[in-house]
Amino acid sequence: MEKDARASAPSPDDDLISCLPDDILGTIISLLPTKDGGRTQALSRRWRHLWRSAPLNLEFFTPVPRIPLTVLASTVSQIISQHPGPARRFFFPFLKSRIYAQAESWFQSQALANLQELDISNAREPLPPFVLCSASTLLIAKITHCSFPHGIVSSMNFPLLKKLSLFYVSISEEVFLELLSGCHALESLFIKEVQSTVCLRVSSRTLKSIGTHDNSNKLVIEDTPCLERILLRSSHQEVCSTIWVIRAPKLKILGPCSPIQIFQRMGPVSSENSMHTLKFLALGSSGRELHTVLNFLRGFPCLERLYVIFHKHNETQKKNDPQYDPLHPIECLQTHLKKVVFKSFVGYEKQLDFARFFVLNAKVLNKIEFEGYCEYNSEAVACQHKVLQVENRASRDAKFEFRRQYIRCDFDKCIHDLSVADPFRQL
């Protein structure tokens, strides 16, 4: 019996992957980059026919001036008609009204009937309803450079959609609400430079992450029982949207923001109007708003990590907040705040005053990090330790790290990638 068992055991040289069914192998091929998927034909005869029928990733990156749009549309039609398998992803950034007849035939074809990923741009024209023909199977959707007409509301039913991105679109408050109500499994929403009438209201029973980039609309988080993170991105200080959080009982991550941006329920965040669930917070500051920031921190008694991104001073953000009163300490500084990171740290007087306060008053800190634009040698670190009064630090366990700041480009990805525990490390 033992001899038979050894004889039937697979050897390291056996091609076990090729023993899988065609539909599984086809799925594997569809998840590869297109060039790599095509190369699988060279693996063996077993793989040769799979490429032709594997789920298709249709992606068109050719700029319009190089190839006439009608020629490009005819190429899409030809590929869809000749490929016997379904399409998994469809990316087409050149949709315009003059090719709508052809485009409608694509979306109504059997090839796109079970589409999982859609990335479409409509040249700032109203989004045609036929684009949403495969809405019932979509898992990921990115819609850019278009407007959402009221007549498209009836087509907006996305039972499986988990990730939605809206870039440079015009949408009314009512249509935006209808869009979200039609997303029954939505987990992450990314909106960038979205134009709306008054504000954008967010209500979703499933949403876990929302991100904005250069969004000037008022954003109202009305009813989001599963929301864990609100990530805000701005290319310019003057682009500053106001965020009202009405109900987000699981919110853990917020920022980068300014204290003047965030409101909860009926008023500013404060010790009387606090968010006990928030753990990670990122704030923008010139270093001159220390007391504004400190009063803001009173609203987050359980905060564990604080990121401060220094920027140039903006007089329009000036507030006359009351001075910090040591007789009324800030709860998170006393019991919870374990890590503070100062980004874009130059070492100006106001920045040093700002950082020094946390050195001397945060009692349970484990680590303070400083990211600047220069290399820190031992002499420079010793100088910083002296001006920050490290010897008098409130937490004897606190470690200090000074390092050069590098530009990272992964922050936006954290809006949809919920596996990233601390998205502010990508700033």
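Me: Buried means under 20% relative accessible area, exposed over 50% and partly exposed in between (1.4 Å probe, protein chains only). How much of the 427 residues in the protein chain do buried residues make up?

Reply: Buried residues make up 48% of them. Keep in mind that this is a predicted model, where local features need pLDDT of at least 70 and side-chain atom pairs count only at 80 or more, while totals for chains, interfaces and linings use all residues. Residues are numbered from 1 along each chain as its sequence is written, and side-chain values use heavy atoms, leaving out hydrogens and water.

Me: How many helices and strands are there in the protein chain?

Reply: Helices (H or I, at least four residues) and strands (E, at least two) are DSSP runs, numbered from the N terminus. Here you get 13 helices and 19 strands.

Me: Let's take helix α6. How far does α6 reach from its first C-alpha to its last?

Reply: You'd expect 1.5 Å times one less than the number of residues. With 14 residues (69-82), α6 reaches 20 Å, close to the expected 20 Å.

Me: Which residues of α6 are buried, and which exposed ones sit on the face turned away from them?

Reply: L69, L72, A73, V76 and I80 are buried. Seen down the axis, the buried residues of α6 fall within an arc of 100° (using directions from the helix axis to the C-beta atoms), so they line one face of the helix. On the face turned away from that buried side you'll find the exposed S81 and Q82.

Me: What covers the buried residues of α6?

Reply: Contact means heavy atoms within 4.5 Å. The cover of α6 includes β1 (56-59), β2 (87-92) and α7 (100-107).

Me: Now R201. Where is R201 placed, and what is R201 in contact with?

Reply: R201 belongs to strand β7 (residues 199-203). At 26% relative accessibility, R201 counts as partly exposed. Setting aside neighbours within four places in sequence, R201 is in contact with E173, F176, L177, L180, V220 and E222. Take F176: 25 residues separate F176 and R201 in sequence, yet they are 7.7 Å apart in space, C-alpha to C-alpha.

Me: What about contacts across the protein chain: what share of those between residues at least 6 apart in sequence join residues at least 24 apart?

Reply: That share is 62%. For α6, go back to its buried side: L69 and I80 are among the buried residues there.
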